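Colleague: Could you walk me through how to read this model? I am new to it.

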Amino acid sequence: MNTLLQNIRDRILDFDLEGASSAAEEAINSGVKVEDILSKGVGSAMEEIGLRYERCEYFVSELVMGGSVVKQLLERILSPLRQKEKVMFKGKVVIGTVEGDLHDIGKMIVSSFLLGAGFDVIDLGVDVPAKKFSDEVAEQNADIVAMSCLLTTTLPSMEKVMESLKNTGMRSKVKVMIGGHATTAEYAKKIGADGHGSDGPDAAKKALALL
C-alpha cells in the first residue's frame with residue numbers, strides 16, 4: 001500500500017482525527033486520487049476496525065470513535081473534493097432513524113462504515129417520517145434505503161416506510177435494509193426488507209452484497 005494511504009489508515013486506527021486530516025491533506029497535495037483515499041485509506045481502516053470488533057478486540061466504544069473520526073474527516077476534507085472530482089461511488093444509500101425514535105449513535109456508526117465501503121450516504125437524521133424516506137429515495141435515485149430503530153415501539157414505523165415505498169412506486173427500484181437493537185433478520189423478512197445489518201461492519205457487507 002502507498003505510504004501516504006497507509007498513514008491515513010494508521011491515524012484512523014489510532015482514532016486521531018488531526019493526524020488523519022493531516023495525512024489526507026498530504027496525500028491530496030501529492031496527487032493521490034480521492035477515490036484511492038476513500039477506498040484504500042479510509043475504507044481499509046474501517047474494514048480493520050470491523051475485523052477487530054468481530055475478534056472482540058474492539059467494542060462499541062471503539063466503533064463509535066472510529067466512526068466519528070471518519071465522519072469528521074470526510075466532512076472536513078474529503079467531501080468537497082470527492083464531489084469536485086466526481087468520484088465513482090459503489091452506490092447511493094439513504095439512511096435514517098424511523099419516526100418516533102431519536103437514537104443516532106447506531107445510525108452514525110453504520111453511516112461511517114458505508115462511507116468507508118465506498119457508498120455515497122444521504123443521512124436524513126432521526127425521527128424521520130415514512131414519506132420522507134420514500135421522497136428522498138425518489139429524489140436521490142438511491143440504490144438502498146437503510147432504516148434504524150432502537151425502540152421496539154417504533155418497529156411499526158418501519159412497516160410504514162415499506163408501505164410508503166410501495167405506494168409511491170419506489171419499492172421495486174430500491175433495496176431495503178434495516179438495523180438497530182429492536183430489529184432482527186426475522187423481522188426484516190416479515191416486513192419484506194431485503195436485508196438486516198447487525199452492526200456497522202455487517203451492514204456495510206450486506207449493502208455491498210445487495211448491489
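Modeller: Helices α6 and α7 cross in a right-handed way; a crossing is right-handed if the near helix is turned clockwise from the far one by less than a right angle, and left-handed if anticlockwise. This is a predicted model, where local features need pLDDT of at least 70 and side-chain atom pairs count only at pLDDT 80 or more, while totals for chains, interfaces and linings use all residues. Residues are numbered from 1 along each chain as its sequence is written, and side-chain values use heavy atoms, leaving out hydrogens and water.

Colleague: At what angle do α6 and α7 pack?

Modeller: Helix α6 (residues 130-140) and helix α7 (residues 155-167) pack at about 40°, with axes 8 Å apart. Angles under 35 degrees count as roughly parallel, over 145 as roughly antiparallel, 65 to 115 as roughly perpendicular and the rest as oblique, so α6 is oblique to α7. Contact means heavy atoms within 4.5 Å; A130, K131, F133, S134 and V137 of α6 make it with K160, V161, S164 and L165 of α7.

Colleague: Is A146 buried or exposed?

Modeller: Buried means under 20% relative accessible area, exposed over 50%, and partly exposed in between (1.4 Å probe, protein chains only). A146 has 8% relative accessibility, so A146 counts as buried. A146 sits in strand β3 (residues 144-148). Apart from neighbours within four places in sequence, A146 is in contact with V93, V94, I95, G96, F133 and M177.

Colleague: Which residues of α3 meet α5?

Modeller: L38, V42, G43, M46, I49 and G50 in α3 meet S112, F113 and G116 in α5.

Methods
Helices (H or I, at least four residues) and strands (E, at least two) are DSSP runs, numbered from the N terminus. Axes are lines fitted to C-alpha atoms, for helices over the stretch in contact, and angles run from 0 to 180 degrees between N-to-C directions.
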